[in-house]
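Here is a set of questions and answers on one protein model. Please look at the sequence and the structure before reading on.

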Amino acid sequence: MSSHDFLHIHARTELSEDYAVAGFVFRLTTNHGALLECFRGTFPTTKNAGHVDFFFRFWIDDGDASRPPWPQPYVRGLVHRVYAGFDAKSSVFADLRARTMMGRFSPAMAEDAVHWKTIIFPVLMSIVSGSAGMVELHASCAAIDHRGIILLGPSRSGKSTLAMALLQSGLRLLSDDRIFCLLQNRDLAAFGLPRPLKLRCEAAKWFENLGSENPSVGPNGERVVYWDANRGDSFGRPTTCRPHALLFLEQQQDTAFRMIRLPAREARFRIEADLLAETPEAAADQGAVLDHLTSLPCWRLRYGGSPQSIAQRILEHAFDSRASAKSEALWSGAKT
């Protein structure tokens with residue numbers, strides 16, 4: 001075998017399984033059973049798939065002795081070709097036009113299910129989502145009765161903290177940090193990955209039920225607490241919902257709650273600023289998704305104080321049409 005064949009494209013990968021992902025079928029072929037188990041723990045399997053949308057071929061190199069801690073991943077792209085590196089020898093190469101992805105991983109990384117769920121799967125979904133016409137949002141989403149509230153904002157804007165507070169109010173977590181929006185039968189849907197909710201330690205102080213959780217070191221070196229919002233739930237978390245409202249978060253130092261209606265064109269501009277360049281065909285599909293997204297109620301939320309109080313006010317105004325109709329700008333001091 002040629003030493004230049006880094007991905008070992010001719011190596012045998014006899015294990016194969018299909019997975020249903022947001023209305024698409026992903027097929028994985030590999031030589032490592034633990035990787036199949038990791039995929040099963042994130043995506044539901046599907047049998048007798050007549051059509052496969054994406055092909056993944058991940059070869060595990062038994063001669064690679066790499067061990068954690070794992071470095072930060074990096075992604076580079078040119079037109080329809082994308083490369084993602086996960087350590088010195090573990091990487092993937094994607095051809096988005098052909099909808100194929102080939103990869104090579106060490107056994108230790110292949111068996112690190114937490115790393116796949118928190119790091120690798122989100123990266124892989126970010127790579128393929130645009131070519132499937134999905135719109136990726138840097139957002140958290142909580143749902144009730146399959147209606148989702150999408151919380152958008154930059155890092156440290158409080159997305160995960162408010163998502164946790166919404167869970168305490170009876171909602172369920174769709175996804176933390178990023179979600180993928182698409183059209184299914186001409187209806188807008190949001191899809192999330194089942195990953196733990198991540199809170200910085202200073203934010204976790206608002207939640208007594210996190211007191212027994214041991215802090216970890218997050219990807220950027222911060223001390224964080226990971227919370228599996230649906231552990232012990234035999235039904236699992238909902239992986240899709242229908243978006244109901246978009247809230248663009250602007251956290252304040254003072255105790256406040258102010259919702260300001262955001263015009264559709266500004267909401268679209270904010271979302272498009274974070275999207276990666278795609279082929280014309282994929283961009284057209286994303287445009288249709290953006291039309292549906294920005295037709296929803298979109299708000300700027302300037303807030304500060306107790307996340308539980310803010311969550312209650314969000315629910316009042318997001319799901320009570322009478323409250324939302326009172327004013328284009330809603331203001332009050334939030335109770336702490």
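The model is predicted: local features need pLDDT of at least 70, side-chain atom pairs count only at pLDDT 80 or more, and totals for chains, interfaces and linings use all residues. Residues are numbered from 1 along each chain as its sequence is written, and side-chain values use heavy atoms, without hydrogens and water.

Q: Which strands stand at the edges of the open sheet of seven strands?
A: Strands are DSSP runs of E, at least two residues, numbered from the N terminus, and two strands pair if DSSP finds at least two bridges between them. The sheet order is β1-β2-β3-β7-β6-β5-β4, with mixed pairing. Each edge strand has a single partner, so one side is left without a neighbour in the sheet; these strands are β1 (15-21) and β4 (74-78).

Q: In which sense do β3 and β7 pair, parallel or antiparallel?
A: Strand β3 covers residues 54-60 and β7 covers residues 100-105. W59 stands opposite R104 in β7. The two strands are joined over six bridges, and the sense is parallel.

Q: Which peptide bond is cis?
A: Most peptide bonds are trans. Here omega is about 10° for the bond that joins P68 and P69. The loop between β3 and β4 holds P69, and the cis bond is P68 to P69.

Q: Is H146 buried or exposed?
A: H146 lies in the loop between β9 (139-144) and β10 (147-152) and has a positive phi of about 65°, although it is not a glycine. Buried means under 20% relative accessible area, exposed over 50%, and partly exposed in between (1.4 Å probe, protein chains only). The relative accessibility of H146 is 58%, so H146 counts as exposed.

Terms used
Helix = DSSP H or I, 4+ residues; strand = E, 2+ residues; numbered from the N terminus.
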